[in-house]
Amino acid sequence: MATEIEPQKQWYVLHTYSGYENKVKENLESRITSMDMEEYIFRVVVPEEEKLQKTKSGQEKVVKTQTFPGYVFVEMIMSDEAWFVVRNTPNVTGFLGSHGQGSKPVPLLPDEVHRLLRSQGISAPKRDISFEDGEVVEVIDGAFLGLEGRIEEIDEEHQKLKLTIEMFGRETIAEVDFDQVDKLDA
């Protein structure tokens with residue numbers, strides 16, 4: 001008997017007409033509410049960065065520019081209904097990673113999402129996961145990517161761990177976020 005896998009929310013990239021990113025975000029957020037899709041489509045992000053720009057008078061001012069012109073990021077559960085709502089939002093030309101003919105797109109990798117959210121000052125949602133002192137975990141993001149470490153200290157409030165990691169033949173203490181590690185498969 002086959003067990004049904006419960007779909008999970010993941011991040012996808014929308015391609016839009018350049019200059020319409022914020023309008024797409026507004027339209028999509030409005031459609032999420034009006035079409036009762038709050039259980040399938042969660043967050044819409046238009047990555048921006050601040051840059052210094054000279055005015056005609058020679059003064060400098062800070063302006064926000066699109067980090068990825070022509071792209072909008074959407075956190076959603078990929079269902080036929082959610083795909084239809086997002087795909088048919090005005091000024092959306094398609095999903096990045098979709099091959100057309102109604103094929104579903106490929107989601108972003110967790111480390112890509114983590115970097116994107118951090119660059120926008122958005123923290124990843126707190127993980128509902130518990131760790132134990134002495135437990136060995138695998139680092140899945142950051143400077144210690146791919147290494148294993150033994151938990152020495154747990155800070156539940158700030159969702160941080162202190163790990164002992166072996167590097168270059170020596171043990172090193174590293175501080176990582178909960179979302180930068182995964183439990184090792186049993």
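1. A strand, as the word is used here, is a DSSP run marked E of at least two residues, and strands are numbered from the N terminus. In this model, which is predicted, residues 148–155 make up strand β8, and Glu153 lies within that strand.

2. Glu153 also belongs to a negative surface patch, which it forms together with Glu132, Asp133 and Glu175. A residue can join such a patch only if its relative accessible area is over 30% and it has no salt bridge. Glu153 has a relative accessibility of 44% and therefore counts as partly exposed.

3. How many salt bridges does the model hold? Counting a side-chain nitrogen of Lys or Arg within 4 Å of a carboxyl oxygen of Asp or Glu, the total comes to six salt bridges. Side chains of opposite charge can pair when their charged atoms come close.

4. One of these salt bridges joins the side chains of Glu152 and Arg150, with 3.0 Å between N and O. Glu152 counts as partly exposed because its relative accessibility is 35%, and Arg150, at 34%, is likewise placed in the partly exposed class.

5. Another salt bridge links Lys23 and Glu26, whose side chains meet at 3.9 Å, N to O. Both residues sit in helix α1 (residues 21–34), and because they are three residues apart there, about one helical turn separates them. Lys23 has a relative accessible area of 40%, so it is partly exposed.

6. Lys51 and Glu49 form a further salt bridge, in which the closest N and O atoms are 3.8 Å apart. Lys51 is partly exposed, its relative accessible area being 44%, while Glu49 is partly exposed with a value of 34%.

7. Finally, is Lys160 close to Val176 in sequence or in space, and what are the two separations? Lys160 and Val176 are 16 residues apart in sequence, yet their C-alpha atoms are 5.6 Å apart in space. Lys160 lies in strand β9, which covers residues 160–167, and with a relative accessible area of 28% Lys160 is partly exposed.

Technical notes:
Residues are numbered from 1 along each chain as its sequence is written. This is a predicted model: local features need pLDDT of at least 70, side-chain atom pairs count only at pLDDT 80 or more; totals for chains, interfaces and linings use all residues. Side-chain values use heavy atoms; hydrogens and water are left out. Patches are made of residues with over 30% relative accessible area and no salt bridge: like charges are joined within 9 Å, nonpolar side chains (Val, Leu, Ile, Met, Phe, Trp, Tyr) within 5 Å. Accessible areas come from the Shrake-Rupley method with a 1.4 Å probe; for residues, only the protein chains shown count as cover. Lys and Arg count as positive and Asp and Glu as negative; His and the chain ends are not counted. The place of a charge is taken as NZ of Lys, CZ of Arg, CG of Asp or CD of Glu. Helices (H or I, at least four residues) and strands (E, at least two) are DSSP runs, numbered from the N terminus. Buried means under 20% relative accessible area, exposed over 50%, partly exposed in between (1.4 Å probe, protein chains only).
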